[in-house]
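Welcome! Here is a short tour for anyone meeting this structure for the first time. Please have a look at it below, and then read on.

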Amino acid sequence: MLQFHSTVAPKRANLSSISPPYAVSCLSSSSSSSQSSSSLSFALSPSLHHLSLSRVSKSPLSSPKQKRINVINGQTQPLKVMISGAPASGKGTQCEMIVKKFGLVHISTGDLLRAEVSAGTDIGNKAKEYMNAGRLVPDEIVNAMVTTRLSLKDVKEKGWLLDGYPRSFVQAQSLETLNVKPDIYIVLNVPDEILIDRCVGRRLDPLTGKIYHIKNFLPENEEIKERLITRADDTEEKVKSRLEIYKQNAESILATYKDIMKKVDGNRSKEVVFNEVDSLLSQFLKEKAIASEKQLKKSLPRQDNWRGIPTRLNNIPHTREIREYFYADVLQATQRAISAGKTRLRVDITIPELNPEMDVYRIGTLMELIRVIALSYADDGKRVKVCVQGSMGEGALVGMPLQLAGTRKILEFMDWGDYGAIGNFINIGSIGANDVGEEDDIFILVAPQNAMGNCIIDDLRAMTDSAGSRPVILINPRLKDLPGSSGVMQTMGRDKRLEYAASFENCYHFRLLYYAGTQYPIMGALRMAYPNEYQLYKRVDEEEEAAGKEKYILLSTFEQRPDVNEINDAFDGKKRNRDKDASGFWAFFNSVFG
């Protein structure tokens, strides 16, 4: 088997290698409500056994003209924080708590100096000369040290927390010249008398380096107490001198950062102080994300040359052109969402061949969609894990939803291209934390769903927790909460399960609309492709001279997915009213849109 480096992209498999998708035993619409049961009935047509693994003609989706959007690189810039505080203001403690909560890289000039000197670098050797001579290390050396640290990969990915630097106007201006600018400048304010008491009462354990206080933080035992010492600079006279120097320095850099400065009362418990710091940083991140998304929506192509909704969608089986249209539509929306930094996504697409409530549901169409998305990211050198849930439940409830029966085998037998994409860039796994590898970049989950007595949420959450900031895409999930049995679903409370299921953001949504209780004729469609709004369309027949033809006209747009009442009102030409009771032709969709 060929081995690939991350910069080598596999050759795309041809979609034509699966001719019409496999026929799978499927329940009729009248009995489809039982599809979530644990039945293991499954049958493939002979076409699976003769599945071609060779390339035929080139797929339109692999055309070099198709716009390629890099993934994972377009996320919002990470947080950049400066924090300042007088000696004993609690700055070190707050830095620890900020790093733990926000994952920033903590940068302290003292730590940097010691590290550079210890490593014997050019900067460290120069700094050591000044330190040995009892002189202050010049600004240009310290700035070079800081900017070098800020240029490293971990800082660029995680963001930074600059602790107690800059200390002078010259240092601040030097950072500005180098375009090193914080998002927020936090200043911890504590009265002088409190600071003096904190410093004078501090005691150092020379064995561990741990700091104690004679009033506020006593040593754990007498043995430690006996060896504690007072640091040479923790006398009242020296503390007052250091406070004056700090105030002068703080005043000198005030002009540079006054527009982003946030003062925090540090004369409170560390927990209370951090609550305020946490609130400031969280609010800034929220505002930054909103601004970034608005900018992204302006810069991204709104429809990627979208041709409109294809017609004759009730003609089954769908033509390859129609299937490839939807594959491309889903792919482009997903790419845009991931480029925008979205990491928890869901795709909901229920054209007839992808709607398990209909007799014409075809699992092969779902597998083709999965393959298009996976190969697209593999083409970008990303390593994709395609995951299918395994058997769940206990006793009589052991099994998996009928909709998913056999999907893993189908994925393994599919044509993934001639150049070893499968097993290298693309791997098949199960839903759960155990299948999250360090090498994986993106996870695509095939129709995860709850079944009566069996809940996939716990495994799903364990997987997303392990995936961290890596994108997880749910394709046609069915996470409606169902009654549990034998305690299987009780690990997480119902409210928490619903909250978690709702945490996945729609990047694509397409649903056909019918008269209540029917699946013919098509009355309209609801579509959303990130970053656009939800668009409600009405299907209309063309004029008499174009008899037999149809088109979709846009009725309304919605910032959020509309409910049944809003759809009713749009078709009736009425103003939107969320308080209206569901009625009329569209009441059937209450369970879908509620």
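This is a predicted model: local features need pLDDT of at least 70, side-chain atom pairs count only at pLDDT 80 or more; totals for chains, interfaces and linings use all residues.

Helix H4 covers residues 139-150 and helix H6 covers residues 169-177; the two pack at an angle of about 40°, and their axes lie 10 Å apart. On the H4 side, the contact is made by Asp 139, Asn 143 and Thr 147, while H6 brings Val 170, Gln 171, Ser 174 and Leu 175. By class, the residues of this contact between H4 and H6 are two nonpolar, four polar and one charged.

H4 also meets another helix. The axes of helix H3 (residues 122-132) and H4 come within 10 Å of each other and cross at roughly 145°. This crossing of H3 and H4 is left-handed. H3 takes part through Ile 123, Lys 126, Ala 127 and Tyr 130, and H4 through Ile 141, Ala 144, Met 145 and Thr 148. In the contact of H3 with H4 there are six nonpolar residues, one polar and one charged.

Here are the two pairs side by side.

| Helix pair | Angle | Axes | Handedness |
|---|---|---|---|
| H3 and H4 | roughly 145° | within 10 Å | left-handed |

Now for the strands. Which order do the five strands of the open sheet follow? They run E2-E3-E1-E4-E7, with parallel pairing. At the edges are strand E2 (105-108) and strand E7 (261-265), each of which pairs on one side only. From one strand to the next, the twist averages 25°.

Within this sheet, let us look at one pairing. Strand E1 (residues 80-85) and strand E4 (residues 184-189) pair in the parallel sense over five bridges. Here Met 82 stands opposite Tyr 185 in E4. In general, strands of a sheet pair through backbone hydrogen bonds.

Finally, a word on confidence. The chain has a mean pLDDT of 77, and 75% of its residues reach 70 or more. Where does pLDDT stay under 50? One such stretch is residues 1-75, for which the model has 185 contacts beyond four places in sequence. Over residues 392-398 the pLDDT is also below 50, and this stretch has 19 contacts in the model beyond near neighbours in sequence.

Key:
Residues are numbered from 1 along each chain as its sequence is written. Side-chain values use heavy atoms; hydrogens and water are left out. Axes are lines fitted to C-alpha atoms, for helices over the stretch in contact, and angles run from 0 to 180 degrees between N-to-C directions. Helices (H or I, at least four residues) and strands (E, at least two) are DSSP runs, numbered from the N terminus. Contact means heavy atoms within 4.5 Å. Ala, Val, Leu, Ile, Met, Phe, Trp, Tyr, Cys and Pro count as nonpolar, Asp, Glu, Lys and Arg as charged, and the others, Gly among them, as polar. Two strands pair if DSSP finds at least two bridges between them. pLDDT is the predictor's confidence in each residue, from 0 to 100. A crossing is left-handed if the near helix is turned anticlockwise from the far one by less than a right angle, and right-handed if clockwise.
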